[in-house]
Amino acid sequence: MLPVAEAEAKILNLVQPLQSPQDVERVEIGAAVGRVLAAPISSPLDFPHWDNSAMDGFAVRHADVAGCSAEHPAALQIVEEIPAGKVPQQTVQPGEAARILTGAMMPTGADTVVMQEVTRREGDRLQIFSAPQPQEFVRHRGDYHRAGDVLLAPGVVLTPSEIAVLAAAQNAQVPVYRRVRVAVLSTGDELVPPGQPLKLGQIVDSNQSAICAAIAQIGAVPIPLGCVSDTPEALRQAITHARTQADVVISSGGVSVGDYDYVEEILQALGGTLHIRAVAIKPGKPLTVATFAPPDATLYFGLPGNPVSALVTFWRFVQPALRKLAGQAGGYHPAWVWGRSPQSLRADGKRETYLWGRLTSTAQGFEFTLAGGSHSSGNLINLAQTNALAMLPVGHLQIAAGEAIAILPIAPLTRH
Ligand code: AMP
Ligand code: MG
């Protein structure tokens, strides 16, 4: 059976990321958070654009104030007021100062800002009681970045920090990759959409809602295509239709070795290439991955039907692939953290095992608490309210209490 790391590498290798220019759109900067930047961003201006003050105070010539102290204050004449947004009109001459506010342009002649807390002003007369360092509190033109430098590279996921740079570089609209479209199917004769009465033997199709939510959460567009019955013909039709709708198709169920598990057979009959049929992971062993040749070039994930298996394989394998496909230049690999569990954790040692629980941040580092209740891959109830998966590598029957363990966050962390 394929080890998890090999499956991960194989899947990421199959991904053809969105391309410029055909997959690029422009969005308003107000709608750009979370999107993936599709072109390099630079500015014709230096940052800062001109020398300016980092403080409310007085712009002076350092030579005038170098030796001053509380006992021997420097005495200067104030020649101008410079609020932010005003272009200074005067040159500061020896013996002179200009009142200056934070972010205002430095006047020519001055090289240093004295903060107002160490001064006393009476009309146009200024006394300074503490000698500043040369150039103190001056933000010089080009200190942060030079005109023409690449400020942001394509492939960056836009957060408020990058949005600030985009705005400062005059991008009212932002070139981003279009959102990845992901069609979602559920296979199984026993499945009924949520909200409908159940007959004996039926269960609710919870996977479709869960997988669509996971897709939306990472900024892709879920396209729910409903439930498909366990017949080759129904599956053939559903998969054929799904391929026309999306970049990626995800189904759940029908990939085990049961008599009604037709997904692999149909993928092959439709001309798909099967790359993965099983992975040494628990839960989630029967993961199936296939590709179809262009023109549609669909990437196909057949996730196992058990609700926990479906989500665990989504987080572990599908999510990184969707992020790479979306144009992300990096950062799409799972972001492991290291922590400890106050109780020992057990596995069968045969497959890489994922145990769900709660990750908290403590003064001693991350702490993982195993979810109570059954750790069956069919138990979707105790997966709720968890935020992390602890990973036990192949060959490990137990990780002792307090021993370091790799943990995959799946939802925001909480504090103790
Ligand atoms: P399968 O992989 O089709 O054999 O399904 C494995 C288990 O997962 C069975 O107990 C199914 O009833 C259950 N299952 C399959 N699909 C879904 C779904 N969409 N929602 C909830 N449970 C499902
Ligand atoms: Mg089934």
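This is a predicted model: local features need pLDDT of at least 70, side-chain atom pairs count only at pLDDT 80 or more; totals for chains, interfaces and linings use all residues.
Residues are numbered from 1 along each chain as its sequence is written, and side-chain values use heavy atoms, with hydrogens and water left out. Local features need pLDDT of at least 70, and side-chain atom pairs count only at pLDDT 80 or more.

Q: How many disulfides does the structure hold?

A: A disulfide is a covalent bond between the sulfur atoms of two cysteines. The criterion here is a pair of cysteine sulfur atoms within 2.5 Å. The structure holds 0 disulfides.

Q: Is Cys 212 buried or exposed?

A: Buried means under 20% relative accessible area, exposed over 50%, and partly exposed in between (1.4 Å probe, protein chains only). Cys 212 has 11% relative accessibility and therefore counts as buried. Cys 227, at 34%, counts as partly exposed.

Q: Which residues of helix H3 are buried?

A: Helices (H or I, at least four residues) and strands (E, at least two) are DSSP runs, numbered from the N terminus. H3 spans residues 160-168, with Glu 162, Ile 163 and Leu 166 buried. Viewed down the helix axis, these buried residues fall within an arc of 105° (taken from the directions from the axis to the C-beta atoms), so they line one face of H3. Pro 160 and Ser 161 are exposed on the face turned away from the buried side.

Q: What covers the buried residues of H3?

A: The cover includes strands E2 (41-42), E11 (150-152) and E12 (173-177), where contact means heavy atoms within 4.5 Å.

Technical notes
Chains are lettered from A and ligands numbered from 1 in the order in which they are written.
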